Amino acid sequence: MTTIKDRLPASIRTERLVLTVPTMAHAPAIAQLANNKNVHRWMARLPFPYALSDAEFFVEEIVPTAEEACFAIEVDGTFIGVVGLHFADGQVPELGYWLGEAFWGQGYASEAARALVAEARAAGATALRSRALKENVSSRNVLRKAGFTETGEAIEAANNLAGQTMVLMRLEFGER
């Protein structure tokens, strides 16, 4: 049985970005950009401090799993962040992303999110979900630009953001 992940392309091109499967060549840049308190404070699953060994684990152990469809975000060959889908049994895929702080506020997250949303729809997803910290207005705006609507709030139960209020968001694709 082919899955949505199986039907996603290996790379996605947008006007300014290339989204491609993260490789060990990305690991040093992943470690450098992810080892930042300002990035970490918004992320549920990103360890801190973030070392090269964490990036290597991500590339070798997380990226190839059936539960994740991860894409390195590149601008002119420079790694700037990650966008992906998390697949959990019985739930629609969850969109997540992060960018290195130097790349915030330039529309890259919105562009990457919109591109992956379009590919997920083309691959057969009927809906997507996402979430962001209530205080992370910028991330909620990125998700709105990608077509998500806010559906409620929940207290994060685990990981880095445990105990904090999350805004739940959803995107329904409807009829094709």
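Tutor: Start with one term: buried means under 20% relative accessible area, exposed means over 50%, and partly exposed lies in between (1.4 Å probe, protein chains only). Now take Tyr 50, which counts as buried at 6% relative accessibility.

Student: What kind of model is this, and how are residues numbered?

Tutor: This is a predicted model, where local features need pLDDT of at least 70, side-chain atom pairs count only at pLDDT 80 or more, and totals for chains, interfaces and linings use all residues. Residues are numbered from 1 along each chain as its sequence is written, and side-chain values use heavy atoms, with hydrogens and water left out.

Student: Back to Tyr 50. Where is Tyr 50 found?

Tutor: Tyr 50 is in the loop between helix 3 and helix 4. Helices (H or I, at least four residues) and strands (E, at least two) are DSSP runs, numbered from the N terminus.

Student: And what does Tyr 50 touch?

Tutor: Not counting residues up to four places away in sequence, Tyr 50 touches Ile 30, Ala 31, Ala 34, Asn 35, Ala 55 and Phe 58. Contact means heavy atoms within 4.5 Å. Take Ala 34: Tyr 50 and Ala 34 are 16 residues apart in sequence, and their C-alpha atoms are 6.1 Å apart in space.

Student: Which residues does the cis peptide bond join?

Tutor: Phe 48 and Pro 49, with omega at about -5°. Pro 49 sits in the loop between helix 3 (37–40) and helix 4 (52–62). Most peptide bonds are trans, and most residues other than glycine have a negative phi.

Student: You mentioned phi. Where does Asp 76 lie, and what is its phi?

Tutor: Asp 76 lies in the loop between strand 3 (68–75) and strand 4 (78–86). Its phi is near 50°, a positive value in a residue other than glycine. Asp 76 counts as exposed, at 76% relative accessibility.

Student: What about Asn 159? Which loop is that in?

Tutor: Asn 159 is in the loop between strand 7 (149–155) and strand 8 (165–172). Asn 159 has a positive phi of about 70° although it is not a glycine. Asn 159 is partly exposed, with a relative accessible area of 48%.

Student: And Gly 163, buried or exposed?

Tutor: Exposed, at 55% relative accessibility. Gly 163 is also in the loop between strand 7 and strand 8. Beyond residues up to four places away in sequence, Gly 163 touches Ile 155 and Glu 156.

Student: New topic. How many helices and strands does the chain have?

Tutor: The chain has 6 helices and 8 strands. Along the sequence, the pattern is α-β-β-α-α-α-β-β-β-α-β-α-β-β.

Student: Why is the chain called as compact as a globular protein of its length?

Tutor: The radius of gyration of the chain is 15 Å, close to the 16 Å from the globule rule for 176 residues, so the chain is as compact as a globular protein of that length. That radius is taken over C-alpha atoms, and the rule is 2.2 Å times the number of residues to the power 0.38.

Student: How much of the chain is buried?

Tutor: Buried residues make up 45% of the 176 residues.

Student: Show me one in a strand. What does Ala 127 contact?

Tutor: Ala 127 lies in strand 6 (residues 127–133). Ala 127 is buried, with a relative accessible area of 1%. Leaving aside neighbours within four places in sequence, Ala 127 is in contact with Val 92, Pro 93, Arg 170, Leu 171, Glu 172 and Phe 173.

Student: Last one. What lines the second largest pocket?

Tutor: The lining includes Thr 3, Ala 66, Phe 87, Val 92 and Pro 93. Val 92 and Pro 93 are also among the contacts of Ala 127. On a 1 Å grid over the protein atoms alone, a pocket is an open set of points where a 1.4 Å probe fits, with protein on both sides within 12 Å along at least five of seven lines; lining residues have an atom within 4 Å of a point.
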